[in-house]
Amino acid sequence: MMLALEAQKVIELRIVRLSWGGREGRAEMQAMVIEKVHAGMEAATTLMAGGSPERVIARYREHVATNTKRLTAA
């Protein structure tokens, strides 16, 4: 539940950044896609190595926190 709430803030901040368009909007779109691919690969690797779903969620929360800091600092 917490991940969903935390991610909602990042979604909101990214929508604003994307709506600005221009170079910043394009850069955010590219970063978002790359991040999603890397996060998915990281999650799959964790699970294949015997990691728990809880560990995957904890790592996603770390990524979300990093994005929140980055997007609110701009």
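Helices here are DSSP runs (H or I, at least four residues), numbered from the N terminus. Welcome to a predicted model, in which local features need pLDDT of at least 70, side-chain atom pairs count only at pLDDT 80 or more, and totals for chains, interfaces and linings use all residues. Residues are numbered from 1 along each chain as its sequence is written, and side-chain values use heavy atoms, leaving out hydrogens and water. Let's start with helix 2 and then look at its partners.

**Helix 2 itself**
- Helix 2 covers residues 22-48, which is 27 residues, and its first and last C-alpha lie 39 Å apart, close to the 39 Å expected (1.5 Å times one less than the number of residues).
- After helix 2 comes G50, with a positive phi near 95°.

**Buried residues**
- G25, E28, M32, A39 and A43 of helix 2 are buried (under 20% relative accessible area, 1.4 Å probe, protein chains only).
- These buried residues pack against helix 1 (2-20) and helix 3 (53-73).

**Helix 1 with helix 2**
- Their axes (lines fitted to C-alpha atoms over the stretch in contact, with angles from 0 to 180 degrees between N-to-C directions) are 6 Å apart, at an angle of about 135°.
- The contact (heavy atoms within 4.5 Å) involves R14, R17, L18 and W20 of helix 1, and residues of helix 2 including G25, E28 and M32.

**Helix 1 with helix 3**
- Here the axes come within 9 Å and cross at roughly 35°.
- Among the contact residues are L3, V10 and L13 of helix 1 and I57, Y60 and V64 of helix 3.

Methods. Helices (H or I, at least four residues) and strands (E, at least two) are DSSP runs, numbered from the N terminus. Buried means under 20% relative accessible area, exposed over 50%, partly exposed in between (1.4 Å probe, protein chains only).
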